[in-house]
Structures are given as C-alpha cells and as structure tokens.
Amino acid sequence: MHGEITEIPFLDRKTETAPREELTRIQLAGLREQVASALRTDFYRKKYGPLGITPDSIRTLDDLRRLPFTTKNDLREAYPFGLLAVPKSDVVRMHASSGTTGSPTVIYLTQKDLDAAADTMARSLVAAGCTRDDVLQNMMTYGLFTGGLVLHYGAERLGMMVIPISSGNTIRQLKFMRDFGTTVVHATPSYLLHLHAAMLESGEGRSAYRLRKAIAGAEPHSEELRRKIEDTLGIEVYNNYGMSEMNGPGPAIECVFRQGMHIWEDRYIPEIIDPDTLEPVPEGETGELVLTILCRSAMPLIRYRTRDLTRFLPEPCPCGRTHRRIARLTGRTDDMLIINGVNVFPSQIEEVLLRMKGVGANYLIVVDKNGSLDKLTVQVEITAEAFADDSRAINALRERLRSEISALITISPAVEIKEPGSLPVSEGKAKRVEDRRPPE
Ligand code: DLL
C-alpha cells in the first residue's frame with residue numbers, strides 16, 4: 001500500500017526521531033517549567049498551594065500522575081484572566097472556542113508562544129508532505145477559531161503561499177483553487193465532500209484543479225469517509241487533531257504513511273486515562289486523552305482533560321518518528337456536539353431558551369445532514385399564551401431565538417416553534433439531543 005513512498009520529510013529530524021530517553025528528559029524539564037509557570041497564575045496557586053506542589057516536587061515523569069486534572073469547567077471558573085501566568089502586556093494573541101455556557105474558553109500567547117505554535121504547525125505540515133512550493137488554501141474560519149490563524153502562521157513559517165480565504169462561499173473557493181493553482185487545502189472533512197459536490201455541479205471535473213492534498217480536522221470522521229474524499233477528489237487526506245486549549249490544529253497529525261497521528265511529545269505530554277477511574281489505561285486501549293502543553297508560557301494547562309476518546313498505537317511507525325501515534329478519535333466523554341467543525345454544547349442553547357420570555361417547558365436539538373453538511377434545528381415548545389399570539393408575534397419570537405442562539409454558538413440554527421405539549425416527554429433523564437447524522 002505504501003510502495004510509492006520514497007521520501008519521508010522532516011522539519012526537525014533530530015527532535016522528531018529523538019530516542020525515548022531524550023523525549024523523557026525534555027518532558028520532565030518542560031513539566032517542571034510548566035509547574036513553575038502555573039504557580040504564577042491565580043488558578044493553579046489556589047489549586048497547587050495546599051497540595052504542596054512545586055517544580056522541585058516533580059522528580060520523575062511519573063510524578064505527573066500526582067497532579068490534579070484541569071477541566072473545561074476550570075477554564076470557565078478562571079475566566080477571563082485567572083490562568084494568565086505573564087503580565088498582560090506580554091500577551092500578543094488570544095484565541096477562543098466554545099465553553100459549556102456563556103463564557104468562551106480562552107487561551108493566551110506571548111510572542112514566543114506564537115512562534116512555538118507556528119513552528120509546531122509547520123512541523124505538522126511538513127510531516128504531512130507539504131513543502132514551500134505548495135499553495136495552501138485555508139478554508140477554515142479566521143478569527144477566534146484556531147483553525148484559521150494558527151494554521152496560517154505555520155504554513156507561512158514553512159514558506160507555503162497561503163490563501164487566507166477563510167470558510168464558506170464555495171463558488172469562490174473553487175474559483176480561487178483554479179485560478180491560483182491551489183495544491184493543498186485545509187478544511188473540515190464534511191466541507192471537503194461538499195466541495196466535491198460543488199465541483200461536479202459547476203460542470204468542471206477535478207482535472208481543472210491542481211489539488212494534491214487536504215489537511216482535514218476539527219471534527220470526527222471515519223476511515224471510510226477519508227477514503228471517500230480521497231477517491232472522489234483524487235487527493236491524499238491527512239487527519240489532523242488539535243483543540244484551541246492546546247494551541248489549535250498543531251499537536252498531532254498523520255505522517256505520509258497515514259496510519260495514526262503522531263503527537264509531538266517534546267511539546268505535549270499525552271496520557272490516556274479511563275474516564276471513570278481516572279487511572280491510565282493499558283497502552284493500546286481506548287480512553288480519554290489528557291494533554292499537558294509544554295510550549296506555552298502565557299497560559300499553562302497541566303493534565304487537561306480533552307474529553308476525546310482515542311488510544312495509543314504502540315507499534316513503531318515506519319517513518320522513523322519516535323513521537324507516539326494516536327488513533328483516529330472515536331467520540332467524546334461529554335455531550336459536546338461538533339456541527340460543521342463548530343463546537344456546540346446543548347447547555348449553551350438551553351441558556352438562551354431559558355432566558356427568553358414565551359418559551360415553554362420542552363425543547364429538542366436535532367442534528368441532521370443536509371447534503372454533506374451538518375444542519376442544526378432547535379425545536380422549541382412555547383407557552384400556551386405565546387402560542388395564542390398572532391403569527392407575526394410567533395415569527396418574531398422564532399427570529400429572536402434564532403439570532404440569540406446564533407450569537408452565542410456562531411452558527412445559525414433553524415428554529416421550529418412547537419405547540420405546548422407536542423414534543424415527546426422522556427421518562428427519566430430528558431432527551432434533549434437527537435443526532436440523526438448517519439454514522440459515516
Ligand atoms: O478544532 C482545532 C483544530 C482546527 C483542529 C483545525 C484541527 C484542525 P476546537 O474548536 O477547540 O479546536 O475543537 C476541538 O474538536 O476536542 C475534538 O473533539 C474535535 N476535533 C478536532 N480535530 C479532530 C479530528 C479545533 N481530527 C475539538 N478528529 C476536539 C476528530 C477532532 N475530532
């Protein structure tokens with residue numbers, strides 16, 4: 001299957017193939033530094049102080065297991081600046097993603113952190129076979145989302161020509177791909193399928209394009225879906241995993257062998273735990289990924305529970321990298337939905353519904369497919385009083401719900417107003433989400 005692979009590209013061969021002892025040494029030094037940095041934040045001082053955790057108390061890497069976990073809820077509690085470890089004047093960038101409620105999850109970077117994030121991203125792009133001769137069209141959203149700017153900086157660092165077109169407007173995407181000879185795209189897997197459908201619709205086959213690769217991430221996808229995209233577009237698709245808390249799209253990517261994602265262990269310490277017992281699972285078994293970031297000074301995150309389920313692939317990779325690989329993500333341990341690459345917590349939608357006058361007792365969040373893209377519908381019962389109103393008032397309520405939800409979660413849902421008592425009432429735990437997307 002890999003007979004055609006003749007060259008294994010590296011950005012930093014020495015580090016990427018470093019022996020385990022060397023990686024352990026780097027991780028231990030990095031962890032001590034992160035603990036020192038953590039003690040400069042209000043949040044960790046409060047958490048670590050009573051436990052007597054100091055950099056000197058970390059003697060071997062095994063001591064990591066004695067440190068408490070950090071969760072998304074902790075980030076909410078520390079919002080906005082409780083996890084900042086440097087003076088605000090040293091921060092040059094912030095990014096944010098969805099929190100479970102109104103407060104977003106925010107990260108901060110100094111110039112040095114930003115350089116490290118760009119370098120990590122460049123390393124990932126090289127591992128996936130990108131070169132400075134490539135033209136990269138970044139179809140992920142620019143702004144607070146890391147898939148735009150963090151990937152952009154990494155691609156520039158590598159010397160690729162970057163087209164910062166951002167997401168959406170498929171016709172323009174195709175025109176730019178054609179006119180500028182785009183060779184690599186960065187997009188969610190669902191958007192890649194959508195792109196292919198639009199290509200066919202435009203009457204021009206894939207031969208009009210010079211595309212050879214896609215870097216795909218930000219949402220779960222199966223091996224079958226990857227193959228489907230590869231076959232339809234005639235390109236190679238590289239799975240790329242990250243999260244804004246860990247500086248976005250850089251931490252783990254597939255190398256040219258495309259058999260699991262190398263996680264850059266000189267910059268992150270990965271652990272895989274049983275989400276119930278919180279103990280490490282035996283190497284190779286599935287559990288929740290826990291990450292400690294070592295390449296950020298503005299905002300430490302130690303033993304951060306990603307909620308993502310994966311496993312280590314213990315066999316050595318034919319590429320020669322020593323940084324361990326993780327398997328394709330298989331799900332999450334919380335109720336976060338990923339809709340066209342955007343993270344949505346049902347609690348965010350509930351928050352809007354609960355504060356709106358006229359909204360009744362029951363609601364249902366439905367996620368479905370519209371072609372290859374995801375579609376979000378919020379079905380909501382309104383009160384008998386509101387239901388008795390004229391249709392203009394009901395339409396106005398629907399529009400307010402739509403715009404307030406979309407202001408909070410950044411995607412616009414369809415809102416269906418329902419008569420009181422018309423939505424199914426579940427016995428026991430209320431069922432608030434119906435994910436009707438077919439398993440790919
Ligand atoms: O999605 C960062 C990113 C951008 C990664 C571009 C890759 C490419 P968040 O918005 O914080 O950040 O969402 C992070 O998305 O915890 C996973 O649940 C999911 N996710 C990200 N990449 C993958 C992937 C970015 N390759 C959350 N496969 C993570 C499956 C993924 N799920």
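This is a predicted model: local features need pLDDT of at least 70, side-chain atom pairs count only at pLDDT 80 or more; totals for chains, interfaces and linings use all residues.
A residue counts as buried when its relative accessible area is under 20%, as exposed when that area is over 50%, and as partly exposed in between.

Glu 283 and Arg 324 form a salt bridge with an N to O distance of 3.4 Å. This pair links distant parts of the chain, since its members are 41 residues apart: Glu 283 is in the loop between strand 10 and strand 11, and Arg 324 is in the loop between strand 13 (312-313) and strand 14 (325-326). Glu 283 is partly exposed because its relative accessibility is 48%. Arg 324, at 22%, is also partly exposed.

Glu 416 has a relative accessibility of 32% and counts as partly exposed; Lys 418 is partly exposed at 25%. Elsewhere, salt bridges with shared partners connect Asp 115, Asp 119, Arg 123, Arg 157, Asp 266 and Arg 267 into one network. In total, the structure contains 37 salt bridges.

Is Arg 328 buried or exposed? Its relative accessibility is 16%, so Arg 328 counts as buried. The residue is located in the loop between strand 14 and strand 15 (331-332). When its neighbours within four places in sequence are set aside, Arg 328 is in contact with several residues, among them His 221, Glu 223, Asn 239, Glu 254 and Thr 310. The C-alpha atom of Arg 328 is separated by 38 Å from that of Pro 87, a residue 241 places away along the chain.

Attention now turns to the nonpolar residues. In soluble globular proteins, nonpolar side chains tend to be buried together. The largest nonpolar core of this model has 46 residues, of which Leu 67, Tyr 241, Leu 301 and Ile 302 touch the most other members. Helices and strands both contribute to this core: the elements that give two or more residues include helix 2 (20-38), helix 5 (111-127), strand 7 (236-243) and strand 11 (287-293). A second, separate core consists of 24 residues, including Ile 339, Met 356, Tyr 363 and Ile 382.

How are the helices placed against one another? The axes of helix 5 and helix 6 (residues 146-158) come within 7 Å and cross at roughly 70°. Angles of 65 to 115 degrees count as roughly perpendicular, so helix 5 is roughly perpendicular to helix 6. Among the residues that meet are Leu 114, Asp 115, Ala 118 and Leu 125 in helix 5, and Val 150, Tyr 153, Gly 154 and Arg 157 in helix 6. By class, this contact has 12 nonpolar, one polar and three charged residues.

Helix 7 (residues 170-179) and helix 8 (residues 189-201) form another crossing pair, with axes that come within 10 Å at an angle of roughly 80°. These two helices are therefore also roughly perpendicular to each other. On the side of helix 7, the residues in contact are Thr 170, Gln 173, Leu 174 and Met 177; they meet Tyr 191, His 194, Leu 195, Ala 198 and Met 199 in helix 8. The contact between helix 7 and helix 8 has six nonpolar, three polar and no charged residues.

Finally, some details of the backbone deserve attention. Tyr 79 and Pro 80 are joined by a cis peptide bond, with omega about 0°. Pro 80 lies in the loop between helix 4 (72-77) and strand 1 (91-97). Ala 218 is a residue other than glycine with a positive phi, near 80°; its place is in the loop between strand 6 (213-217) and helix 9. Leu 278 also has a positive phi, near 65°, and is found in the loop between strand 10 and strand 11. Ala 218 counts as partly exposed because its relative accessibility is 32%, and Leu 278 is partly exposed at 32%.

How values were computed. Residues are numbered from 1 along each chain as its sequence is written. Side-chain values use heavy atoms; hydrogens and water are left out. Axes are lines fitted to C-alpha atoms, for helices over the stretch in contact, and angles run from 0 to 180 degrees between N-to-C directions. Helices (H or I, at least four residues) and strands (E, at least two) are DSSP runs, numbered from the N terminus. Angles under 35 degrees count as roughly parallel, over 145 as roughly antiparallel, 65 to 115 as roughly perpendicular and the rest as oblique. Contact means heavy atoms within 4.5 Å. Ala, Val, Leu, Ile, Met, Phe, Trp, Tyr, Cys and Pro count as nonpolar, Asp, Glu, Lys and Arg as charged, and the others, Gly among them, as polar. A nonpolar core is a set of buried Ala, Val, Leu, Ile, Met, Phe, Trp, Tyr and Cys residues joined through side-chain atoms within 4.5 Å. Buried means under 20% relative accessible area, exposed over 50%, partly exposed in between (1.4 Å probe, protein chains only). A salt bridge is a side-chain nitrogen of Lys or Arg within 4 Å of a carboxyl oxygen of Asp or Glu.
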